[in-house]
Amino acid sequence: MGSSQREATFVAIGLVIVATLVVIYLINEPNRREAAAEQKIEESAERGVSLYVQYCVACHAPDGSAQGEQPYLGVPLNLPQNQSQDAAEWAQREEIIRTTIINGRGEIMPAWGQEADGPLNEQQVDDLVNLIHEGLWVETEERVLEENEGVLPTPQPAPTPSGEQPDDPQAAEGQQIYAANCQSCHTIDGAQATGPTWQ
């Protein structure tokens, strides 16, 4: 075999190797993209842990349950539907969660998105949404304890109801219960919320 034939053989082998690598890369590209997207979401959720500890823990509890020795004002976030892997169900939940973070919920929850004069930019809202969806509640509770020297923070006090105090003692008590437990999901003026309005 002459040198030109050997050279041609090496070139052909090289082209076959390159073509094989390109085919392998193209076949694996969807998996690579999916892994990269999952990695970005995980990183976002981890940033969400810090934001949650800073802004959300006093109303939703360190583990997102809104449960504890003292009542928390917020609604539970560690719900199965918030961690749903069903695309259609999560799309609905995501919209509700995102809108609530951005615009708040009446007197009980302030607006957190910058477009509603809150402190959080779009990326930070995404980070909190991803935290809730990924359900990093063990990590969040550990961070809360770490940053508070092993002590859980005291929940926010319930707001006093707005408007006139009813003369009927039972109605006044109902107004207090509504403000403390129901107002974050159910409005009384017809405004849209997580739950149906009570108007």
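Mentor: Start outside: Asp117 counts as exposed, at 76% relative accessibility. The cut-offs for relative accessible area are over 50% for exposed, under 20% for buried and partly exposed in between, with a 1.4 Å probe and protein chains only. Asp117 sits in the loop between H3 and helix H4 (122–134). Its phi is positive, about 70°, although Asp117 is not a glycine.

A word on the source. This is a predicted model, in which local features need pLDDT of at least 70 and side-chain atom pairs count only at pLDDT 80 or more, while totals for chains, interfaces and linings use all residues. Residues are numbered from 1 along each chain as its sequence is written, and side-chain values use heavy atoms, with hydrogens and water left out.

The protein chain has six helices and zero strands. Both are DSSP runs numbered from the N terminus: helices are H or I with at least four residues, strands E with at least two. Buried residues make up 32% of the 199 residues.

But Ala61 is buried, at 0% relative accessible area. Its place is the loop between helix H2 (57–60) and helix H3 (87–103).

Next comes His60, which lies in helix H2. His60 is buried too, with a relative accessible area of 10%. Its side chain reaches the backbone oxygen of Val75 at 2.8 Å. His60 touches Tyr52, Ser65, Ala66, Tyr72, Gly74, Val75 and Leu77, leaving out residues up to four places away in sequence. Contact here means heavy atoms within 4.5 Å.

Follow Tyr52 from there. Tyr52 is buried, at 1% relative accessible area. It forms an aromatic pair with Trp137, edge-to-face, 5.3 Å centre to centre and 70° between the planes. For a pair, the ring centres of Phe, Tyr or Trp (its six-membered ring) lie within 6.5 Å; planes under 30 degrees apart count as stacked, over 60 as edge-to-face and the rest as tilted. This pair links distant parts of the chain: Tyr52 is in helix H1 (residues 3–55), Trp137 in helix H5, 85 residues apart.

Trp137 counts as buried, at 8% relative accessibility. The buried residues of H5 (residues 137–147) are Trp137, Thr140 and Val144. They fall within an arc of 60° seen down the axis, so they line one face of the helix. The arc is that of the directions from the helix axis to the C-beta atoms. An α-helix has 3.6 residues a turn, so residues three or four places apart point the same way. On the other side of H5, Val138 and Glu146 are exposed. Glu149 follows H5, with a positive phi near 55°.

Finish at Pro153, in the loop between H5 and helix H6 (169–182). Setting aside neighbours within four places in sequence, Pro153 is in contact with Val57, Tyr72, Val144 and Asn148. Tyr72 also touches His60, and Val144 belongs to the buried residues of H5. Pro153 and Pro62 are 91 residues apart in sequence, yet 8.5 Å apart in space, C-alpha to C-alpha.

Key:
A polar contact is a pair of N or O atoms within 3.5 Å; within protein, one must be able to donate a hydrogen and the other to accept it, and residues adjacent in sequence count only if both atoms are side-chain atoms.
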